[in-house]
Amino acid sequence: MGKLIVSENMTLDGVTEDPTGDDGIEGGGGWFIRGMGEDRPVWADAEFAEAREASALLMGRRSDAYFGARWNTMPGEWADWSRSLPKYVVSSTIATSVWVNGTVLRGDVVDEVRALKARIDGTILTYASRLLVQTLLEHDLVDELHLTVFPVVAGSGKRLFDGASMERSLRLRSTETVGAGLTRLVYDVVHVD
């Protein structure tokens with residue numbers, strides 16, 4: 001049985017939307033670069049270490065397009081590793097994945113992810129994919145949350161837990177300072193019985 005880990009970068013006020021500013025969100029976009037400071041190499045090391053533990057990646061259509069456009073041709077060990085991983089993209093609108101080694105899951109999201117967790121022995125890692133993550137949390141499919149908090153208050157933008165339809169209990173497993181300004185929080189999700 002696979003373990004599903006959600007790994008998110010977020011602002012101090014919980015915004016996950018438009019981290020690079022590519023989407024043009026007024027006021028809040030581009031917080032990733034503003035909040036990174038000198039911590040990029042340490043952050044990259046932590047993210048790569050997390051990726052090396054993954055057996056597969058799971059994401060939504062927009063995250064697949066974003067990462068695929070950048071990582072399909074990017075040089076380096078982290079990019080090579082990421083390209084080698086099987087990727088599962090939840091979408092009802094595309095037939096093929098942008099990122100190499102991708103498979104599109106077109107059926108019911110909950111059923112598809114349950115079947116994926118049953119089929120994969122190891123860690124399934126989800127980056128970004130806010131709407132997908134909200135669905136996975138609502139249906140008790142997430143096992144761990146890894147949240148890297150950037151020292152920025154975006155003030156506007158969509159937050160990871162916007163519109164949560166049910167309470168979810170979490171247990172803090174660890175906190176870690178990443179570089180001089182980032183904080184990584186690891187939570188176990190308390191499953192509903």
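The largest pocket is lined by 45 residues, with Ser63, Tyr66, Phe67, Ala128 and Ser129 nearest its centre. A pocket here is an open set of 1 Å grid points over the protein atoms alone, where a 1.4 Å probe fits, with protein on both sides within 12 Å along at least five of seven lines; lining residues have an atom within 4 Å of a point. The model is predicted, so to speak on its own terms: local features need pLDDT of at least 70, side-chain atom pairs count only at pLDDT 80 or more, and totals for chains, interfaces and linings use all residues. Residues are numbered from 1 along each chain as its sequence is written, and side-chain values use heavy atoms, leaving out hydrogens and water.

**Largest pocket**
- Its space comes to about 1400 Å³, counted as what probe spheres set on the points fill, with points joined across faces, edges and corners.
- H3 gives the most to this lining, seven residues; helices are DSSP runs (H or I, at least four residues), numbered from the N terminus.

**Second largest pocket**
- About 230 Å³ of space lies in the second largest pocket.
- H6 has the largest share of its lining, with five residues.

**Aromatic rings**
- There are ten aromatic pairs, meaning rings of Phe, Tyr and Trp (its six-membered ring) with centres within 6.5 Å; planes under 30 degrees apart are stacked, over 60 edge-to-face and the rest tilted.
- Trp71 and Trp99 are a tilted pair, since their ring centres are 6.5 Å apart and their planes at 55°.
- Both Trp71 and Trp99 are buried (under 20% relative accessible area, 1.4 Å probe, protein chains only).

Methods:
Buried means under 20% relative accessible area, exposed over 50%, partly exposed in between (1.4 Å probe, protein chains only). Helices (H or I, at least four residues) and strands (E, at least two) are DSSP runs, numbered from the N terminus.
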